[in-house]
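Trainee: Could you take me through this structure slowly, and show me how to read its features one at a time?

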Amino acid sequence: MVPKVVYEFFDELGMISYFGWRFFKEGIKPRYEFREMIRQCYYVGYKSLGLVALTAFIMGLVITIQSRPTLVEFGAEDWLPKMVSVSLVREIAPVITALICAGKVGSGMSAELGAMKVTEQIDAMDVSGTNPFKYLVVTRVFATTFMVPLLVILADAISLYGGYLGCNIRGVVSWQLYWNQVYETLSYGDVLPSIIKTFFFGYAIGVIGCFKGYYTDKGTEGVGKSANAAVVLSSVMVFIIDLIAVQIIDILNLT
Amino acid sequence: MESDKKTTLSELVNENNVQRNDLAISIKHLHKSFGNNQVLKDFNLEVKSGESVAVIGKSGSGKSVLIKCVIGLIKFEQGQIHVLGKNVSKLNSMELDVLRIKVAFLFQSNALYDSMTVRENLEFPLRRHLTETKKEEVDALVIEALTNVGLAHTIDMMPSELSGGMRKRVALARTLIMKPEIILYDEPTTGLDPITAKEISHLIVEIQKKYNTSSIIISHDLSCVKITADKVVMLINGKNYAEGKFEELSKSDDDKIKNFYI
Ligand SMILES: Nc1ncnc2c1ncn2[C@@H]1O[C@H](COP(=O)(O)OP(=O)(O)OP(=O)(O)O)[C@@H](O)[C@H]1O
Ligand SMILES: [Mg+2]
């Protein structure tokens, strides 16, 4: 016999996969909930904007400050902008942004849908002729899938600015020189794959957040539990997707 | 021989018509279980057109499950449910949507959309079915429904700003907005003080008269049942254990029935 934990794990995995598939299946059929989609996009983007900007800035600054001593040791201080920009754009900005969205947006969606489920609002939608999956889930997954990449682009820019300040705390690098070095270093092979993977981050955050809310167990206690589970699972998922993305980029020799 | 057949056929059709006109809801041999928990075992119920039937039963006896089966929110294993002549389990999702225009559901927890104002809550069911309706007409419908429950002044409030009784009324207004032929009430007075509960019960009767709706009213609240119901059905152990007028049942000698009237 298969242990119960293993069985439950695969059971849930299957259900989430089906849920993610339904997003496409129902999403392409009319009628489209444009208004609600735009509202959700605004919500996802706006809600995390400040936090993403702040953490991106700090990350850029901190990584630069921390990298300097090692480079100085090898007499390669000039390389600071190059090194920092690659690690920020390829890895740090996308992952940090996705984790923040998982914490803020994913848990919010899960709690909101969970509360709607518990208070029968989802049933009420069904009864009044609105497909709740379309109105609630498709719009939200759409919003995270397209807003997380936008937030990542913003985070890239802000963290690089943080890097610029970091370079200038101890040394002197002119604005011009810094950005010249950054542009020289970064190729499409760095930027594009790291943006593409963030669509998958966003999709995973949306699907998991909505799934956990949509299937909340009865009771208010269940709402808190699913919000919590949504954050944990989508954070882990972000790292797993990241791992897979790195392997693919490596195999395709994109960098 | 030939003409014989014809009469029987037309008789059959006629009978069918009569049945359709006379019976708003018919539930036959309904079985429903969740895993090992068998909630409904051979439940039967008929609601005639224009009639209000109350279903009473203990908490957890499956009353909510029963009316959710009626409106197709929960799938059941065995039995048949006909609503306005349509076999609910045989309908596809489009046909079910069409049927649901005529059948309204008042949820136990009101199910008002927290993120929307009262007006948007009431407009929500409308925007699906009447996409071409003009803004003024929608407004008129919303105001009419709210006036029916005496809450026209709350139109721009959020549900969280309303009291429990007001929320119940708004939920009731939302069910009325499609001018349904059938209303299913899931414990309309639970959680309200006795006076408000009585007001809601009278409101239900008023609506019943005004729109000539048929209804199933789920309740624990005997005073509500007494005011609203033409017929009472007792749901015990998943079956329609007893059936009759409120006063008839109150005189019964059966212990299980008596328990309800204490
Ligand atoms: N979605 C579900 N999954 C599993 N079991 C369920 C589900 N919905 C209801 N049940 C079970 O069905 C039984 C009847 O539930 P139901 O909600 O119909 O009770 P009720 O008669 O409406 O009670 P109350 O008066 O408290 O509302 C309960 O034992 C409940 O645990
Ligand atoms: Mg109930």
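Trainee: At what angle do helix α3 and helix α7 of chain A pack?

Mentor: In this predicted model, helix α3 (residues 80-118) of chain A packs against helix α7 (residues 188-214) of chain A at an angle of about 20°, and their axes lie 7 Å apart. Because angles under 35 degrees count as roughly parallel, α3(A) is described as roughly parallel to α7(A).

Trainee: What is the handedness of the crossing of α3(A) and α7(A), and how do the residues of their contact divide?

Mentor: The crossing of α3(A) and α7(A) is right-handed, and the residues of their contact comprise 13 nonpolar, 7 polar and 6 charged ones.

Trainee: Turning to the metal, which residues coordinate the magnesium ion (ligand 2)?

Mentor: The magnesium ion (ligand 2) is coordinated by S64(B), through OG, and by Q108(B), through OE1, at 1.9 to 2.4 Å. This pair links distant parts of the chain, since S64(B) sits in helix α2 (residues 63-70) of chain B, while Q108(B), 44 residues apart from it, belongs to the loop between β6 (103-106) and α4 (118-129) of chain B.

Trainee: Why does Q108(B) count as partly exposed?

Mentor: Partly exposed covers the range between buried, under 20% relative accessible area, and exposed, over 50%, so Q108(B), with a relative accessibility of 33%, counts as partly exposed.

Trainee: How many helices and strands does chain B have, and what percentage of its residues count as buried?

Mentor: Chain B has 10 helices and 10 strands, and of its 262 residues, 48% count as buried. Among the contacts in chain B with a separation of 6 or more, 66% are between residues 24 or more positions apart.

Methods
Residues numbered from 1 in each chain as written. Chains lettered and ligands numbered in written order. Predicted model: local features only at pLDDT ≥ 70, side-chain atom pairs only at ≥ 80, totals over all residues. Heavy atoms only, no water. Axes fitted to C-alpha atoms, helices over the stretch in contact; angles between N-to-C directions. Helix = DSSP H or I, 4+ residues; strand = E, 2+ residues; numbered from the N terminus. Parallel < 35°, antiparallel > 145°, perpendicular 65-115°, else oblique. Left-handed = near helix turned anticlockwise from the far one by under 90°. Nonpolar A, V, L, I, M, F, W, Y, C, P; charged D, E, K, R; others polar. Donors = N, O, S within 2.8 Å, 3.2 Å for Na, K, Ca; no water. Buried < 20%, exposed > 50% of the residue type's maximum accessible area, 1.4 Å probe, protein only. Contact = heavy atoms within 4.5 Å.
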